[in-house]
Amino acid sequence: MDGLLLDTERIYFEVNSEILARFGKTFTWDIKAQVMGAKERQAAELVIQHYQIPLSIDEYIQERREKLAAKFPDCKVLPGVYRLIQHLKASGVPICVATSSRREAFEIKSSSHKEFFALFDGHVICGDDEQVKNGKPAPDIFLASAKSLGLNATIHSNNRNLSGF
C-alpha cells in the first residue's frame with residue numbers, strides 16, 4: 001500500500017529523518033530499503049543498531065508512531081491509482097490491500113480515503129493481523145490476502161513464487 005497506493009513513503013522517510021536528526025544522524029535510502037516491509041520491531045531494531053542511537057526499541061517505536069499519526073491523515077492517493085483500482089474492480093479482478101502497516105496505522109492512513117478503500121470490499125490484510133507471522137519478503141501477507149479473496153494460493157518449491165486461483 002505504502003508507495004504503491006498512497007504517497008506515504010515520503011512521510012516514513014521524513015519521520016525517520018526527524019528522529020535521527022536529533023542525534024546528528026542522517027537516514028539513508030539504503031537503510032530505508034532494508035526496513036521497508038519489515039515488521040515494526042524488526043525495523044526499529046535495525047535502525048537503532050545501525051545508527052547507534054540511545055533509544056530503546058519501544059521508545060523509538062512510540063516516537064515514530066506519534067509523528068506518523070500526525071502526518072498520515074494528509075497522505076494522498078498516488079496518481080492513476082484510483083482509476084486503476086476502479087477498473088480492476090469493474091473488470092471482476094480480485095483485489096486486496098496487503099500492507100505491512102499495523103491495522104491502527106492503516107485506519108489513520110485510509111481515514112481520508114474511505115471511498116477509495118471501499119473498492120476493496122473489506123479485503124485488507126495488515127502486518128499485525130494474526131495470520132501474518134513474518135514480515136515481507138516472507139509470503140505470509142500474500143497468502144493471507146489470497147485466502148481473504150477465497151483463492152487457494154501455494155508456495156512453489158523454490159520458495160520464491162506464489163500462485164493462486
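Which elements do the buried residues of α1 pack against? I began my entries on this predicted model with that point.

**Conventions.** I number residues from 1 along each chain as its sequence is written. I note that local features need pLDDT of at least 70 and side-chain atom pairs count only at pLDDT 80 or more, while totals for chains, interfaces and linings use all residues, and that side-chain values use heavy atoms, with hydrogens and water left out.

**Helix α1.** I took helices (H or I, at least four residues) and strands (E, at least two) as DSSP runs, numbered from the N terminus. Helix α1 covers residues 9-21, 13 residues in total, and reaches 18 Å from its first C-alpha to its last. That is close to the 18 Å expected at 1.5 Å a residue, where the expected span is 1.5 Å times one less than the number of residues. I listed its buried residues as E9, I11, Y12, F13, V15, N16, I19 and L20; buried means under 20% relative accessible area with a 1.4 Å probe, protein chains only. These residues pack against α2 (29-35), α3 (40-51), α4 (57-71) and α6 (103-110), with contact taken as heavy atoms within 4.5 Å.

**Nonpolar cores.** I defined a nonpolar core as a set of buried Ala, Val, Leu, Ile, Met, Phe, Trp, Tyr and Cys residues joined through side-chain atoms within 4.5 Å. Of the 37 residues in the largest such core, L5 and F117 touch the most other members. Helix α1 gives the most to this core, with 6 residues. Leaving out residues up to four places away in sequence, I found F117 touching M1, L5, L6, V97, F106 and S110. Another core, of 5 residues, lies apart from the largest one and includes A98, I125, I141 and A144.

**Largest pocket.** I searched a 1 Å grid over the protein atoms alone, a pocket being an open set of points with protein on both sides within 12 Å along at least five of seven lines, and lining residues having an atom within 4 Å of a point. Volume is the space filled by probe spheres set on the points, which are joined across faces, edges and corners. The largest pocket holds about 640 Å³. Of its 35 lining residues, D2, Y12, R64, S100 and S101 are the closest to its centre. Helix α4 supplies the largest share of the lining, 6 residues.

**Cavity.** A cavity is a set of points where a 1.4 Å probe fits but cannot get out. I found 1 cavity of 30 Å³ or more in the whole structure. The largest cavity holds about 40 Å³, and its lining includes S100, G127 and I141.

How values were computed. Buried means under 20% relative accessible area, exposed over 50%, partly exposed in between (1.4 Å probe, protein chains only).
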